[in-house]
Amino acid sequence: MRKKQFKAESKKLLDMMINSIYTHKEIFLRELISNASDATDKLYFKSLTDTSIDTSALDIRIDLDKEARTITISDHGIGMTPEELETNLGTIAKSDSLNFKNENEGDEKMENIEVIGQFGVGFYSSFMVADKVEVVSKALGADTASRWTSEGADGYTIEPCEKDEVGTVITLHIKENTENDRYDDYLEQYKIQELVKKYSDYIRYPIVMEMTSQVPDPEKEGEYITEVNDEVLNSRVPLWRKSKSEIKDEDYNDFYKQKFYDYTDPALVIHSKTEGQATFDALMFIPQNAPFDFYSKEYEKGLQLYSNGVLIMDKCADLLPDYFSFVKGLVDSADLSLNISREILQHDHQLKIIAKAIDKKIKSELTKLLRKDREKYEEIFKTFGVQLKWGVYADYGMNKDGLKDLLLFKSSNGGYTTLKEYRDRMADSQEDIYYACGESEDKIALLPQCEAVKEKGFEILYFTDDVDEFAIQMLMEYDGKHFANILKDDFDLSTDAEKEAIQKKNEDSKEWLGKMKDLLGDEVTAVKLTNKLGTHAVSLAAEGYVSLEMAKVLSQMPGGDGMKAQLVLEISSAHPIADKLAHADAATLEKYTKILYNQARLIAGLTVDNPTELADSIADLMV
């Protein structure tokens, strides 16, 4: 028996397969089970035209032997001849499964056949955990079997052997533990059970293994005996491949809670099957509550990715845009182009098609929920609405058109409103969509500018999230109407006559207004009289692009310490304080100026640099 050399170049290539392509050693079991499933599929395919083939026991078996340090994976599949062992296992990256798929493409009998292993590298992942691999295989219709043996890149041998049944048995001789790796773990029942559940839970054939358990002794009360029984480790039929009519709400809820470790039912379930440019099943969930680490750097978005029921990636980030990062779930497709390991995806055209379809589906389901169950949608939006708003702002507004109708804002009209609902309620005389920013809707409603706008019968959107104004600035307009911040200096609902009147008052009061500006220095860009504060005496307005709230947000960001809005101190021309200021002496004017400026800062939600001085000044006026 002569040792043969691998045909695919050398030891260097095999070392690369084992040590570089796969990042997790545990992948070996997934690869071998997938290969066993493929071999069983091929036998099943043959049985469709050959009724003499027995398909009554098409399972995959795993056996552990701790003393011998072996893992054995057996199947009742189609098996391999010596020539096929030579071709398929003697040439790295040779895939008999891929050839089988290509040869039978278009055959209607292939409709229910799922060929998983298509690159011909997965088998060699065995050498990540084994220092010796034996493959005993008997092909369908053959009289004898063959044994393929290899201890790694040095080569392999093939020799005849005895095997009663058709199929393949792969025996891995597990490596000894090292300082960095505990290979002993792969000889434990719990570990194999865990890996099957994680990667191969939805292989269509039963994956069977002897399981040891402690059960009550029927003859001795309070004592236990050890039982060893064959157990099926995999679920076999994925929930997402069942018809929706077969699935109850409890089934979805239980699946979600077990799969994604949540203790509450999902707020929304999205179950879809897509056919066309890409064919895939998707089962997605929107949680009721944000994950505890959702706003941390540690949070990883992504959907689980399966290929024909085999887990390929636990979190495929490319399947979800950031604004839907809160969505949990999975995608199962046989159409993906996978690279060497089936573990790392090529970011190819097919994946982008699936991601685009998922994005469209989530938007569609949220839009439907908004229309049919407003209360439930509002609950979801309270939890994840900020993420949708960031989606409008991010990437220079590239996604704003697809998200704008999913946004909700609190309003002076009461409760939440969409932009469309606000637009539909607008009076013919209203030129813009009005909004104001603040810490809460209650505090915004108390702002002096809001009183005047509401008195004119106009609705105001209340922006309470940091991202709100940034998103709206990126959106720019909605249905032909631009957005106007009522807290900006240039916002004015006055008539032409009213504008002329206030302009004249400012001209007549130029001297004492100028003195107030000098007293405040760079704190403000101007001090003005205004007619847009209702019954209130004073307020701050922002001049230029950066509003008060935008400046607050930007100043909290790295490098934003010097970020300030250009502030204008506005004094109501109709309030008695204006007349007092006009006739005040220098000392009184200085005291009034500081008090009014600090009052305006408090109203705007800004800090007061010297609250003690403010308190003392007010007390002095009271005595």
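Select Met-476 to begin: with a relative accessibility of 51%, this residue counts as exposed. The model in the viewer is a predicted one. Met-476 sits in the loop that links helix H13 (468–475) to strand S18 (477–478). Its phi is positive, about 70 degrees, although Met-476 is not a glycine.

**The whole chain**

The chain has 623 residues, and 49% of them count as buried. The accessible surface comes to about 31600 Å², with 46% of that belonging to carbon and sulfur atoms. Of the contacts between residues at least 6 apart in sequence, 70% join residues at least 24 apart.

**The nonpolar cores**

Select Leu-319, Phe-324 and Ile-358. Within the largest nonpolar core, which has 67 residues, these three touch the most other members. The element that gives the most to this core is helix H7 (residues 349–372), which supplies 9 residues. Centre the view on Ile-358 and show its surroundings. Residues up to four places away in sequence aside, Ile-358 touches Phe-280, Met-284, Leu-303, Leu-319, Leu-320 and Val-331. Apart from this core lies another, of 58 residues; Leu-32, Leu-58, Ile-158 and Tyr-256 are among them. In soluble globular proteins, nonpolar side chains tend to be buried together.

Are Cys-161 and Cys-450 buried or exposed? Cys-161 counts as buried because its relative accessibility is 11%, below the 20% cut-off. Cys-450 is also buried, with a relative accessible area of 0%. A search for disulfides across the whole structure finds 0.

**Thr-530 and its surroundings**

Select Thr-530, which is found in strand S20 (residues 526–530). Thr-530 is buried, at a relative accessible area of 6%. Which residues is Thr-530 in contact with, leaving aside its neighbours within four places in sequence? They are Ile-502, Glu-570, Ile-571, Ser-572 and Ser-573. A polar atom of the Thr-530 side chain lies 3.3 Å from the backbone nitrogen of Lys-532.

**Helix H18**

Finish at helix H18 (residues 586–603). Its 18 residues reach 26 Å from the first C-alpha to the last, close to the 26 Å expected at 1.5 Å a residue. Start at its N-terminal end, which is capped by Asp-585: a side-chain oxygen of Asp-585 lies 3.3 Å from the backbone nitrogen of Ala-587.

Then follow the helix and select its buried residues: Leu-589, Tyr-592, Thr-593, Ile-595, Leu-596, Tyr-597, Asn-598, Ala-600 and Arg-601. An α-helix has 3.6 residues a turn, so residues three or four places apart point the same way. What covers the buried residues of H18? The cover includes helix H15 (510–520), helix H17 (576–582) and helix H19 (611–622), together with strand S21 (538–543) and strand S22 (566–572). Just after H18, the tour ends at Gly-605, which takes a positive phi of about 80 degrees.

Terms used: Residues are numbered from 1 along each chain as its sequence is written. Side-chain values use heavy atoms; hydrogens and water are left out. A nonpolar core is a set of buried Ala, Val, Leu, Ile, Met, Phe, Trp, Tyr and Cys residues joined through side-chain atoms within 4.5 Å. Buried means under 20% relative accessible area, exposed over 50%, partly exposed in between (1.4 Å probe, protein chains only). Helices (H or I, at least four residues) and strands (E, at least two) are DSSP runs, numbered from the N terminus. Contact means heavy atoms within 4.5 Å. The expected span of a helix is 1.5 Å times one less than its number of residues. A polar contact is a pair of N or O atoms within 3.5 Å; within protein, one must be able to donate a hydrogen and the other to accept it, and residues adjacent in sequence count only if both atoms are side-chain atoms. Accessible areas come from the Shrake-Rupley method with a 1.4 Å probe; for residues, only the protein chains shown count as cover. A disulfide is a pair of cysteine sulfur atoms within 2.5 Å.
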